[in-house]
Amino acid sequence: MLENLNNSQTEAVKNTEGPLLVLAGAGTGKTKVLISRIIYILSNYLAQPQEILAVTFTNKAAQEMKNRIGEIIGDQVNNLWVGTFHAIAIKILRRHSEIVGLRSDFTIIDEDDQNRLIKQILNDFNIDTKQFSSKAYLSKISISKDILKNIDHLNSNLPKLKEVYDTYQFRLKSMNFVDFGDIINYNLEIFKKSVETLNYYQNKFRYILVDEYQDTNNCQYQWLLLLSSKFCNICCVGDDDQSIYSWRGANINNILRFENDFADSKIIRLEQNYRSTSNILKIADSVISNNKQRHGKKLWTDYNKGSKVKILSFYDGKVESQTIANKIKNFTQNNSINFSQIAILVRAGYQTRSFEESFIQNSIPYKIIGGMKFYERLEIKDAIAYLRVCVNFDDDLALLRIINTPKRGVGDAVISTLYQRSQQEKQSFFKVIKNSFEENSLKGKSKESLKTLIEIFEKFNQKIDKITLPELAKSILSEAGYLQMWKNENTLEANSRLDNIDEFIKSLGDFSSIAEFLEYISLIEVRDDNSRLNSVKLMTIHSAKGLEFDIVFLPGLEEGTFPSSKSLEEANSVEEERRLMYVAITRAKKELIISFAKNRYIFGEFQNLNPSRFISEIPISEVDFEEIDFANNNLLNRFDFNQNSGKFNVSNKSYIKNNMNNNFSKFGSFNYGSKTTQTKNSATTQKNITKLNLANEEFPIGTRVFHQKFGYGKIKNVDGNKLEISFEKTGTKTVMKDFVTSSQ
DNA sequence: CGCATGACGATTTTT
DNA sequence: TCGTCATGCG
């Protein structure tokens, strides 16, 4: 096993005793080290599997470790404690919840519900949510938990912050909820209150391994400190240059002052990179070496130099996305590169938009990574709320969510009276509604429909253990009229929502209890589905961390975009932006194409921009620089010239025409991408689209279709996998077949 | 209740 | 610019 490791990797594996920091640069094989280290410990009988704790930040990382270790040691892998910080901490919290006054069947509240709850509280306190947003309160509450700082010691101008915090915590507990920040905090409280419990875990975990140590917050740090203090065999793997989550409480000082925190510790650097060409590494180094807060290390590689990194400058954002689309076509057509080996990495989510548009026009398959999870959809959250009330009558938030969905004549006035009573009497909302029946304080429609609703919940609460989860969900949703609500709407969107609910109901079959299901969706569900495998990936740099691609495009390198304008206002945050840049560069294996636009629409205004300071940190002699803009009259790039056919691409006819009409000399009026509307919570997913398409192989001219972005339209022309569609709201566009569904 | 209207604000989001 | 949210009217 050790044969496959280089010298420093071997060192990192064999140094099992005492605190060890492994500074692992991007692409230096840190996962391999973590895995080999565990195998090494086991095969030398230094510990039993259940005496090893390995924590990661993502489920993906945890899963990968489990899988790869499982391949070597078989079923024994299940005895290891491998998981995310939160998954491990929850396991501990469920076992000892009574020490902190929680029931062991607590559920984890999601961000949406956190916000709803805080809004309610702010309302009760008569705080104007326009002036002081619930999100502002929530972020203070979360950060205080993450960095272990008392909420009234945070500087903030939010009125009654402490009171809101206390009420929030009280309400969480009464609904049997914990939030993400609570999980590890409660662990600390358990360890503090019960020395025996702490001792038990300290004695249990002989070896502790931590992945992505640079991303730990103070809370996680304390947790590790406590757990490791008996054997002190803690191995932290991380890269200070890749610390990009400080805004979520991650403390880069944890990795910077490791030697001070852990006595007799060692540091091993992994600097041999197995991912990128040396030209790419050179650029990465030239940028990151401008940072002062770092341990310092220099990546090197045995690989050849590769092609030079390219820096492109564009007239504006449109030229940028059009040109990149063209370059992608060239890569895939001429060099037989697969779409899936190409990624566009952006600073902020909204930047993906212009690329979507040019990819649609150029028939480039793409997939946006990130965004909404399946279980975050409106209809799915509603459906889950019904289940939540059914298992937990105290779940006020869930009940509030669906009490008048579908409309059953329970208006705001009734809800607010009942809700206020429940607050005053410190009783659950459910209970207060029940009491109101006895007191006869409600009348008319609201009384009748609430009675029916409560009866449904009580009836199915009895049946929870007697019928399967899918049956339970199906019957509740149908008896409560929820399914009928969407059926009545009878639009394509509503049908798609019903499809999603069906899929949801089916997926419940994989779980043995609602609690297990709720934990799965709050903790484990990953955004990745495997649809559209062969597609260009569009994502933020944050979500690209840990991934790699042959070809990486890095657009939008302008002051204000990257580094972001917000980061420029705050002191010290430019270094984090630079680390982000470093992460972005080191995702590339073979080709890196950095670009910036001289002008860009920002919040509707056409603005002149300066190239990012990170561009100036790259030695110009090491890159190929190309200016693609109007001054160059580079029409081939501008108008998607198809070299094979010798013609402009059909999809861009409208582009040219629009610009002709729009006075060519006025650069500011490139309005080819006419107004697009996109409904939020749109139920039509790529997944569903693909599914529906299987039943609709052909689109005859004249078919009415639905497109996620452009809405409804009629097909005017078909050209291979491209459809020319006259959209009802947005005019005629050429789009790819895969992106529309028949509305028949 | 459902729709229209206007103000407002707008990074990153592993769990 | 564009999406969200609160508010007010019929």
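Glutamate 212 has a relative accessibility of 16% and therefore counts as buried (under 20% relative accessible area, with exposed meaning over 50% and partly exposed lying in between, for a 1.4 Å probe and protein chains only). The model is a predicted one, in which local features need pLDDT of at least 70 and side-chain atom pairs count only at pLDDT 80 or more, while totals for chains, interfaces and linings use all residues. Residues are numbered from 1 along each chain as its sequence is written, chains are lettered from A and ligands numbered from 1 in the order in which they are written, and side-chain values use heavy atoms, with hydrogens and water left out.

Glutamate 212 is joined to lysine 30 by a salt bridge in which the closest N and O atoms are 3.5 Å apart, a salt bridge being a side-chain nitrogen of Lys or Arg within 4 Å of a carboxyl oxygen of Asp or Glu. Because lysine 30 belongs to helix H2 (residues 30–43) and glutamate 212 to the loop between strand S6 (207–210) and helix H10 (218–228), the pair ties together parts that are 182 residues apart in sequence; helices (H or I, at least four residues) and strands (E, at least two) are DSSP runs, numbered from the N terminus. Lysine 30 itself is partly exposed, at a relative accessible area of 21%.

A salt bridge also links aspartate 215 with lysine 545, at 2.4 Å from N to O. Aspartate 215 lies in the loop between S6 and H10 and lysine 545 in the loop between helix H25 (541–544) and strand S13 (549–554), so this pair ties together parts 330 residues apart in sequence. Both aspartate 215 and lysine 545 are buried. In the salt bridge between aspartate 261 and arginine 257, the N to O distance is 2.7 Å; aspartate 261 is partly exposed at 23% relative accessibility, and arginine 257 is partly exposed at 27%. The structure holds 45 salt bridges, and a network of them links Asp110, Asp112, Asp113, Arg116, Lys381, Asp382, Arg388, Asp395 and Arg401.

Turning to helix H18 (residues 412–424), its buried residues are Val414, Ile415, Leu418, Tyr419, Ser422 and Gln423. Viewed down the axis of H18, these buried residues fall within an arc of 165°, so they line one face of the helix, the arc being that of the directions from the helix axis to the C-beta atoms. On the other side of H18, Ala413 and Gln424 are exposed. Just after H18, lysine 426 adopts a positive phi of about 50°.
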